[in-house]
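Have the viewer open as you read.

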Amino acid sequence: MIHSELELSENRPLSNAKLGILILLGAETMLFAGLIGTFLVFRMGNDLWPPLSHANIQLPRVVTGINTVLLIISGYTMFLAQRAVQNDRVKDLRDYLIFTGALGLLFLIIQGSEWIQLIQKGLTLQSGVYGGIFYVLIGCHAVHVLGAVIWLIIVIGKAMAGKYSSISYTGVETCTIYWIYVVALWPVLYFLVYFA
Amino acid sequence: MQENENISHENNDDDQHEHAHDDNDAEQHTHEHDDDGQHAHAHHHEESFISKYIFSLDHKMIGKQFLIYGLIMLFVGGGLALLFRWKLAYPEKPLPFIGVSQQYLDDGEVVTGADKRWERIFDSEKEEWVEVNMPAGVMTDAFYNMLFTMHATIMVFFVVVPILVGAFGNFLIPLMIGTRDMAFPVLNMLSFWLAVLAAIVMAVGFFVPDGHAASGWTGYAPLSADPQWTGVGWGQNLWAISLLIQGFSSLVGSINYITTVINMRAPGMTFFRLPLVIWSLFIVAILLLLAFPVLSSALALLIFDRLAGTTFFTTTAEGGGDPLLWQHLFWFFGHPEVYILILPGMGIASELIAVNSRKPIFGYHSMVYAMIAIAFLGWIVWGHHMFQSGMQPGMGAFFMTTTMLIAVPSAIKTFNWLGTMFKGSIRFTTPMLHGIAFVSMFVIGGLSGIYMANTPVDIFIHDTYYIVAHIHYVVFGGSLFAIFGGIVFWFPKMYGRYMNDALNKIHFWITFIAFNCTFFPMHILGVGGHRRRISNPLAETVGDVVTQESLFADMNIFITMSAFTLGFAQLILVFNFFWSIYKGKVAEKNPWHVTTLEWEAPTPVPHGNFEQIPTVHRGPYEYSVPGEESDWIPQTQPEPAPAGGGD
């Protein structure tokens, strides 16, 4: 149906799918801007952070720092996966994708176990705005990581089925863009929430 | 390399497309649609009723779906307004037609006509609902709160945005930029059905115990965050959830619009050859994309406050959150939202005025830059909604200045519209009447906005009927007149038939007069001190406070009468709309002699829009070009060879 209109694509620097994902990231940024703004309002409105009622709470900076490194590595392996498919190294593509997905899952598992410990220490969603915004902001990012992992699993499935090659890899490309966005967002949240 | 990639994607997409259609074919061989045999492109597929009218992927059908959705919701939202207008004029009297008597509620004895109607239609379970909300047929204050909250919520999120952005955006963008469909047809369908889901969730809220949201469309915390203040339980939760769903709908819609406008324009269709309505929709898609997620974050926090025991927007003994934070988040979304409501109206009015003045739009580039400026300034003015909120006073000066700056691009646009009409060969068609009404009402609404932008003036008129008058002059006098004009103007392209012009003119004049009778007196009420959201203006005192509102009883009655006239006049439009779909005079391809691409497509527009993708050679407003015989030159007509130019 669109065969006769291939010339339309001439003046497109980005394919529709890639452009669509980039536009989506604009909306994601504003979503996080709303939550980060909320965090900053609460942080600047309270001299004591954490407040006295939760003075015993120490956020797990070291473990989360290690977790941050894991996530950044996953961003790099995702980039390598894309490079692999661009060069038609299909086996490397699968390996890098699986490695990336495993790192993403590991990140979620470590964070989940940290949350369980924090809840046992008494920091819950109801612990004033300190606990509330911690769980909502970090949780919102975790949901995004989870979504990215699910997306990645679909991409892995397609890669296993041999759907990608150096001339057709939009699925890998869009997933990479999203993954790297989610990875790049994390250090911002880490320093803001854990060191503020 | 890059190009190869793109081409291969195309092929990929294409294959999937074909595949889906093949499936349909296999299932539905029996359905024939001979009447739309104008399909020029090679792969024509018959579609089943469901895939053609319900889960359609075609941008034109989705646009029509949004239009009908918006018109239905317009009547829901308008009906709510008429109900509370009765309360404002006759606060102690039973509602006409539906207000049942106390005897009927007590022992089922039918006394009045309303009792009889109620008896005939509903069973006794519904009477409990009536007992709570309308004892003896008189609306309670709580019910009134719910009505005005839902009136604004529905009008803003379920009428104006779906019609302006959903209906006109979907129908016009691919046609006017010269392409076959949106970039992501499946997302487009998803956008519509998410909007339907949001409307259903919102409608359910009317029937839950304790009623629907009652904290105003702005949902100010702590009213909205803590059920103890309004007494509303799940109604407010459903309100927030519904708006979250509507946010997803807007998100996928705007991704689609932006991608389509950037990537899918016909050959030769440069950005500065885009019609102004496409520019306005493009800018609005960006605003929606960036503004709605901020509301989503606020709504998520609100839901946590209500359901999970957090205290983001309420203060507690141990510190807790900040009610003002809600206002900041809401209006950071809310002010761009206001421009989302008016910018497409400006775009539509530009088309209507240029076409019917038979002149190029005056200052095309300045029109575009003015819209961009309005969209940009919209992000840094939100505090003007909060002058009285107790935010830091120094901020007031900043927000006052930025707000008044918006008058500059708005005035540029207004003078450009006047310049377009000046010395034009004006045709007073119904769309033109609506276009002129748009400009004149927008001027009144815009000017009253400048008054309120002044912090000292705002102290006086804040939260009075003055603001109600202002918003309705902009959103009804502006957006809705543009919507009406747009419907009449593009109806022949949408349905291949004309609307009845006599009915359209009657509808226009009644609407125009009744609109001004309804909303202009509200300026006077506001300056006189009539507060907004007062359920019983006749009460002499509220608590210990002596009220002024009872001085305006006659004016309130006049406004209510006008509002009922205004409401019932819309039935003319709806009757005309549905009657004309089937019985209207068959329209030709380009009845208004318009230059833009949508009129190059056959009528009714087939699946795939164009027989051949048009090539664009000139700007969108080449009317009355000197030296030309015809007073309009289509965008597709090539420029004459330079040698023969001149005279």
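Is the crossing of α13(B) and α15(B) left-handed or right-handed? It's left-handed. Keep in mind throughout that this is a predicted model.

## Helix pair in chain B

The two helices in that question are α13 (residues 364–377) and α15 (residues 407–421) of chain B, and they pack with their axes 8 Å apart at an angle of about 150 degrees. Angles over 145 degrees count as roughly antiparallel, so that is the label for α13(B) and α15(B).

On the α13(B) side, the residues that meet the partner helix are Ser366(B), Met367(B), Ala370(B), Ala373(B) and Ile374(B). From α15(B) come Pro409(B), Ser410(B), Ile412(B), Lys413(B) and Asn416(B). Sorted by class, this contact has 6 nonpolar, 3 polar and 1 charged residues.

## Chain A

Among contacts in chain A with a separation of 6 or more, 82% come from residues 24 or more positions apart.

Here, too, there's a helix pair to look at: α1 (residues 16–45) and α4 (residues 128–160) of chain A have axes that come within 10 Å and cross at roughly 160 degrees. That makes α1(A) and α4(A) roughly antiparallel, and their crossing is left-handed. Leu35(A), Thr38(A), Phe39(A) and Phe42(A) of α1(A) make the contact with Val129(A), Ile133(A), Val136(A), Leu137(A) and Cys140(A) of α4(A).

In soluble globular proteins, nonpolar side chains tend to be buried together. In this model the largest nonpolar core has 202 residues, and those with the most contacts inside it are Ile278(B), Phe282(B), Leu287(B), Leu289(B) and Leu343(B). Helix α7 (residues 141–177) of chain B gives the most to this core, with 25 residues. A second, separate core has 26 residues, including Leu71(A), Leu103(A), Phe107(A) and Val182(A).

What does Ile278(B) touch, leaving aside neighbours within four places in sequence? The list is Leu172(B), Ile173(B), Met176(B), Ile177(B) and Val261(B).

## A buried histidine in a loop

His530(B) sits in the loop between α19 (501–528) and β3 (541–542) of chain B. It counts as buried because 25 C-beta neighbours lie inside 10 Å. Apart from neighbours within four places in sequence, His530(B) is in contact with Thr464(B), Tyr465(B), Leu525(B), Pro537(B), Gln548(B), Glu549(B) and Phe552(B).

Two cis peptide bonds are worth a click. One runs from Trp49(A) to Pro50(A), with omega near 5 degrees, and Pro50(A) is in the loop between α1 and α2 (61–86) of chain A. Another joins Ala221(B) and Pro222(B) with omega about 0 degrees; Pro222(B) is in the loop between α8 (185–204) and α9 (227–230) of chain B.

Then there are positive phi values in residues that aren't glycine: near 55 degrees for His593(B) and about 50 degrees for Ser624(B). His593(B) is in the segment after α20 (553–583) of chain B, and Ser624(B) is found in the segment after α20 of chain B. His593(B) is partly exposed, with 14 other C-beta atoms within 10 Å, and Ser624(B) is partly exposed with 15.

Terms used
Residues numbered from 1 in each chain as written. Chains lettered and ligands numbered in written order. Predicted model: local features only at pLDDT ≥ 70, side-chain atom pairs only at ≥ 80, totals over all residues. Helix = DSSP H or I, 4+ residues; strand = E, 2+ residues; numbered from the N terminus. Buried ≥ 20, exposed ≤ 12 C-beta atoms within 10 Å, placed from the backbone. Contact = placed C-beta atoms within 7 Å. Axes fitted to C-alpha atoms, helices over the stretch in contact; angles between N-to-C directions. Parallel < 35°, antiparallel > 145°, perpendicular 65-115°, else oblique. Left-handed = near helix turned anticlockwise from the far one by under 90°. Core = buried A, V, L, I, M, F, W, Y, C linked by C-beta atoms within 7 Å. Nonpolar A, V, L, I, M, F, W, Y, C, P; charged D, E, K, R; others polar.
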